[in-house]
Amino acid sequence: MEILVCIKRVPDTSENEIEVNRDGTDIERDDLVYSVNEWDNYAVEEAIQIRDKVGGSVTVVTVGDEEGEEVVRREMAMGADHGILISDEAFTGSDGKGISAVLKAEVEKGNYDLILTGAQADDGAGQVGGMLAAMLDRPYASLVNLIEVVDEKTIKVGREIAGGNQEMNEIDLPCVLSIQTGINEPRYVGIRGIRKVASLEIPVHTATELGIGADAAGTSAARSKRLDYFVPEPGEGAEILEGSTDEIIDKLIELLKAKGGIK
Amino acid sequence: MAQQIFAYILHKDGTADDTALELIAAAGVLNPDASITAIVAGSGTELDTVCQNIGPRFDEVWKIDHEALAYVNAEVLRPALVRILPKASTILIPHEHFGMDLAPGLSVKLDAAFLPDVFGLEGIENEKLKAIREEFLGQVSTHVLCDVSNGVVITVRPGSFKADESRNRDIQIVDKSAEALADGVPGSARRYLEVVAAEVGDVDITKSDVLVSVGRGIEDQDNLEIVFDLAKAMGADVSCSRPIVDAKWLEKSRQVGTSGQTVKPKVYLALGISGAFQHLGGIKGAPFIIAVNKNPKAPIFQAADVGVVDDILDFIPELTDRINEIKG
């Protein structure tokens with residue numbers, strides 16, 4: 001099975017406190033730790049496991065600036081066979097549809113049976129997988145937390161729905177799926193693994209090579225534009241307990257007792 | 001701005017989802033004078049019951065009735081919606097698992113703009129809609145300006161608009177089935193099989209009065225011991241947020257959130273939980289919430305009654321010791 005996984009390099013929310021810069025035009029990007037989007041990492045692990053079971057290859061692709069290469073390389077260290085960096089100034093300012101249009105062009109250069117994205121990334125939109133599928137006229141399922149290969153033409157997928165329940169579907173290949181966290185346990189990538197792929201050439205594809213014009217991606221094609229970043233005025237919020245740890249604990253135990261929190 | 005706004009209605013067992021009335025409120029912000037049309041897909045008497053029940057709240061109810069929609073599959077519904085929606089439509093869809101299946105592709109097929117997971121709307125000027133969203137798991141918010149001149153698909157975060165129960169109209173149900181499915185039901189390349197119910201764990205957290213809930217701040221599986229010790233001292237049960245289940249440190253049945261369990265405790269102690277809306281969506285019944293988190297900006301402090309800014313790995317053992325001392 002030929003599998004393409006679309007990945008994104010994002011500020012790592014478990015490593016960083018995300019703060020808004022002084023004039024609200026961006027987040028503070030100095031000293032941010034970046035990594036591969038967590039959902040995408042599960043998608044790559046799933047692709048590798050499928051390949052190891054039924055054969056084929058895994059390609060990872062990202063749309064971004066030259067630093068995107070770092071996450072492509074990391075996922076290759078994990079076990080992906082091929083990596084592609086799609087990078088062009090012309091793509092700056094793309095909205096979800098623009099990114100999907102770029103990925104569609106890349107998909108059409110290959111012969112992929114299965115295309116995976118993360119269920120969401122840093123912007124919490126969860127849009128690229130569904131848009132890409134619609135542009136390609138291929139079936140789509142979101143929030144996938146189980147994949148079973150039935151045969152060369154069909155897979156069975158579980159979707160995470162409300163209440164911890166799982167919706168089972170059968171889907172014809174080729175298809176597009178967005179992957180939910182928890183579908184597997186992504187393998188650890190050590191320094192040694194990264195070193196092994198450090199000198200591999202990663203091809204860079206540009207707007208011209210993909211035949212993407214300004215009407216399809218970039219600022220002028222984007223119908224949604226982010227105006228600012230802000231932290232909402234705190235509402236009433238929590239009463240923050242102050243004092244020494246001992247004082248805080250005394251106060252907390254008092255509250256717990258009053259509210260029936262200690263039996 | 002659109003005089004007609006569409007709202008997609010989720011329903012189950014003949015009852016419309018709470019989001020139905022929330023979408024009316026959202027539509028009201030877009031255009032207070034709009035005619036709001038509900039779109040309901042399903043099958044048979046259950047569908048008719050839903051249409052009757054929501055009928056008075058909407059100016060019109062469009063129903064799409066087919067036995068193949070008894071369990072609605074977004075891949076089947078999407079082309080049907082594309083057929084019946086007028087050009088440059090504004091359509092509101094709840095941002096949950098079905099909306100996430102349906103909406104992004106729908107915006108492509110309608111050539112409409114897409115605004116995902118919106119929780120605030122600030123109105124429209126010159127066909128530009130200003131909406132509010134969150135990024136980075138709720139750590140920051142953004143205003144987004146969206147060109148809606150060719151229509152827009154908006155997924156609305158459940159619970160973010162207060163249900164509008166004020167409307168009372170004559171029921172107008174329009175059967176759109178024939179038009180929507182003019183070419184028959186597409187032989188979908190995606191076929192629904194079944195829903196597998198969540199596994200029942202050894203503890204039923206939906207029945208717990210006091211929950212000690214742990215999140216990513218616990219850092220390591222071995223550290224869970226201090227959480228169980230605290231819960232034991234308090235006489236509470238242990239629940240958790242999604243990352244703990246993803247890491248397979250605790251079973252899925254202990255996960256609180258929209259994709260896990262909905263809990264109704266009296267007291268909820270959130271330890272090292274950032275407080276993403278999906279997690280908060282699983283806490284009902286207005287419990288007394290205490291949050292302990294080393295990040296003073298964690299969204300959980302907005303939802304909590306009382307907060308402690310500290311590292312849970314230091315704080316939990318001290319709290320446990322003191323409770324045990326008191327209890328002797």
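In chain B, 65% of the contacts between residues at least 6 apart in sequence join residues at least 24 apart; two residues are in contact if their C-beta atoms, placed from the backbone, lie within 7 Å. The model is predicted, so local features need pLDDT of at least 70 and side-chain atom pairs count only at pLDDT 80 or more, while totals for chains, interfaces and linings use all residues. Residues are numbered from 1 along each chain as its sequence is written, and chains are lettered from A and ligands numbered from 1 in the order in which they are written.

Let us stay with chain B for a moment. Its C-alpha trace spans about 70 × 45 × 35 Å along the principal axes. Chain B has 10 helices and 18 strands; helices (H or I, at least four residues) and strands (E, at least two) are DSSP runs, numbered from the N terminus. Of its 328 residues, 53% count as buried. A residue is buried if 20 or more other C-beta atoms lie within 10 Å of its own, with C-beta atoms placed from the backbone.

Chain B is divided into domain 1 (4–180) and domain 2 (205–327), with bounds that come from an automatic or database domain assignment. The side of domain 1 of chain B that touches domain 2 of chain B has 2 nonpolar, 3 polar and 2 charged residues. Here Ala, Val, Leu, Ile, Met, Phe, Trp, Tyr, Cys and Pro count as nonpolar, Asp, Glu, Lys and Arg as charged, and the others, Gly among them, as polar. The centres of the two domains, taken over C-alpha atoms, are 34 Å apart.

Now look at strand E15 (residues 237–240) of chain B. In a regular strand the side chains alternate between the two faces of the sheet. Both faces of E15(B) are covered: Asp237(B) and Ser239(B) are buried on one side, and Val238(B) and Cys240(B) are buried on the other. Strand E14 (residues 210–214) of chain B runs parallel to E15(B), joined by 4 bridges; two strands pair if DSSP finds at least two bridges between them. Val214(B) stands opposite Cys240(B).

Next comes the meeting of the two chains. The contact takes 71 residues from chain A and 72 residues from chain B. On the side of chain A that touches chain B there are 33 nonpolar, 21 polar and 17 charged residues. Strand E12 (224–230) of chain A is joined by 6 bridges to strand E10 (residues 140–147) of chain B, and the two run antiparallel. There, Lys225(A) has Leu145(B) as its bridge partner.

An open sheet of 10 strands, with mixed pairing, has the order E11(A)-E5(A)-E4(A)-E1(A)-E6(A)-E10(A)-E7(A)-E8(A)-E9(A)-E13(B). Its edge strands are E11 (204–205) of chain A and E13 (190–196) of chain B, each pairing on one side only. Within chain A, strand E1 (residues 2–7) and strand E6 (residues 114–118) pair in the parallel sense over 4 bridges, and Cys6(A) stands opposite Thr117(A) in E6(A).

Finally, find helix H2 (residues 68–78) of chain A. Because 9 of its 11 residues are buried, H2(A) is largely enclosed by the rest of the structure. Among these buried residues are Val71(A), Val72(A), Arg73(A), Arg74(A) and Glu75(A). After H2(A) comes Gly79(A), whose phi is positive, near 140°.

Note on methods: Buried ≥ 20, exposed ≤ 12 C-beta atoms within 10 Å, placed from the backbone.
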